[in-house]
Amino acid sequence: MNRRRGLTLTELLVVILTSSIIAAIALSVFSAAWRVYMTSQALSSLGKNLRTAAERISEELRWATSLEFSSSPEGEDWITIILEEGSIKRYRGTTESRSGEHNLSDASDVLVTDLAFELKTLQDDRVIMDISLSGSSTLNSKIGESVSTSVVIFNVRDYSGSGSSISYRK
């Protein structure tokens with residue numbers, strides 16, 4: 001038999017079909033791995049931003065001399081920390097006359113959904129504040145995280161209470 005060198009049409013089609021199946025499987029695996037990577041990146045960023053906000057709040061409140069669970073304290077020398085529009089805000093003054101307002105959370109990456117403060121007095125009269133934050137990613141609302149921390153309030157004695165906003169004096 002006289003046969004030419006090369007591939008027949010059937011052989012070529014089998015190779016193309018097999019290559020296509022292998023490429024589809026590889027693309028599927030790569031796509032799943034990429035989704036896992038992006039989800040873990042968003043979760044990591046969310047956790048980092050919430051921990052940073054909790055640390056900033058802790059630093060702000062650690063040396064407070066007076067505390068009040070209110071977003072509208074009497075007087076201008078109060079500093080208030082409050083959750084507004086998915087962001088933790090810090091400002092001086094009252095709700096009506098704010099000055100020096102800035103965000104303690106990164107509004108581009110995180111949507112803070114809950115902020116809670118709880119003060120309790122220990123047996124030795126030290127005051128401990130528990131701060132809890134919850135939020136979700138602005139990129140993927142299915143990704144959520146909660147962060148809690150505690151801080152000793154050095155200049156306040158025998159005080160208890162809780163709330164979603166707090167005002168303080170230094």
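**Notebook: contacts, core and salt bridges**

I began with Ser165 and listed its contacts (heavy atoms within 4.5 Å): leaving out residues up to four places away in sequence, Ser165 touches Glu68, Phe69, Ser70, Ser71, Ile81, Ile82 and Phe117. The model is a predicted one, in which local features need pLDDT of at least 70 and side-chain atom pairs count only at pLDDT 80 or more, while totals for chains, interfaces and linings use all residues. Residues are numbered from 1 along each chain as its sequence is written, and side-chain values use heavy atoms, with hydrogens and water left out.

**Entry 1. Ser165, position and burial**

I placed Ser165 in the loop between β8 (161–163) and β9 (166–169). Strands here are DSSP runs of E with at least two residues, helices are runs of H or I with at least four, and both are numbered from the N terminus. Is Ser165 buried or exposed? Its relative accessible area is 12%, so Ser165 is buried. The classes are buried under 20% relative accessible area, exposed over 50%, and partly exposed in between, with a 1.4 Å probe and protein chains only.

**Entry 2. Helix α1**

I checked the length of helix α1, residues 9–61.

I then listed the buried residues of α1: Ala42, Leu46, Gly47, Asn49, Leu50, Ala53, Ala54, Ile57, Ser58, Glu60 and Leu61. Of these I looked up Asn49, which is buried at a relative accessible area of 11%. Apart from neighbours within four places in sequence, Asn49 is in contact with Asp106, Asp109 and Val110.

Leu27 also lies in helix α1, but Leu27 is exposed, with a relative accessible area of 57%. I found Leu27 in a nonpolar surface patch together with Phe30, Trp34, Tyr37 and Met38, and their accessible area together is about 580 Å². Patch members have over 30% relative accessible area and no salt bridge; like charges are joined within 9 Å, and nonpolar side chains (Val, Leu, Ile, Met, Phe, Trp, Tyr) within 5 Å. Areas come from the Shrake-Rupley method with a 1.4 Å probe, and for residues only the protein chains shown count as cover.

**Entry 3. The nonpolar core**

I searched for nonpolar cores, meaning sets of buried Ala, Val, Leu, Ile, Met, Phe, Trp, Tyr and Cys residues joined through side-chain atoms within 4.5 Å. The largest has 29 residues, and those with the most contacts inside it are Ile57, Leu61, Leu67, Ile81, Met129 and Ile153. At least two residues each come from α1, β2 (79–84), β5 (110–121), β6 (126–137), β7 (144–157) and β9. Helix α1 gives the most to this core, with 7 residues.

Tyr168 lies in strand β9 and counts as buried at 0% relative accessibility. With residues up to four places away left out, Tyr168 touches, among others, Glu60, Leu61, Asp77 and Arg90.

**Entry 4. Salt bridges**

How many salt bridges does a search of the whole structure find? I recorded 6, a salt bridge being a side-chain nitrogen of Lys or Arg within 4 Å of a carboxyl oxygen of Asp or Glu.

Arg90 pairs with Glu60, their closest N and O atoms being 2.8 Å apart. This pair links distant parts of the chain, with Arg90 in strand β3 (residues 87–93) and Glu60 in helix α1, 30 residues apart. Both Arg90 and Glu60 are buried.

Asp77 and Arg169 meet in a salt bridge at 3.3 Å, N to O. Asp77 is in the loop between β1 (66–68) and β2 and Arg169 is in strand β9, so the pair ties together parts 92 residues apart in sequence. Asp77 counts as partly exposed at 43% relative accessibility, and Arg169 as partly exposed at 26%.

Asp130 forms a salt bridge with Lys120, the closest N and O atoms being 2.7 Å apart. Asp130 lies in strand β6 and Lys120 in strand β5, so this pair ties together parts 10 residues apart in sequence. Asp130 counts as buried at 17% relative accessibility, whereas Lys120 counts as partly exposed at 34%.

**Entry 5. Glu85**

I noted that Glu85 has a positive phi of about 50 degrees although it is not a glycine. Glu85 is found in the loop between β2 and β3 and counts as exposed at 77% relative accessibility.
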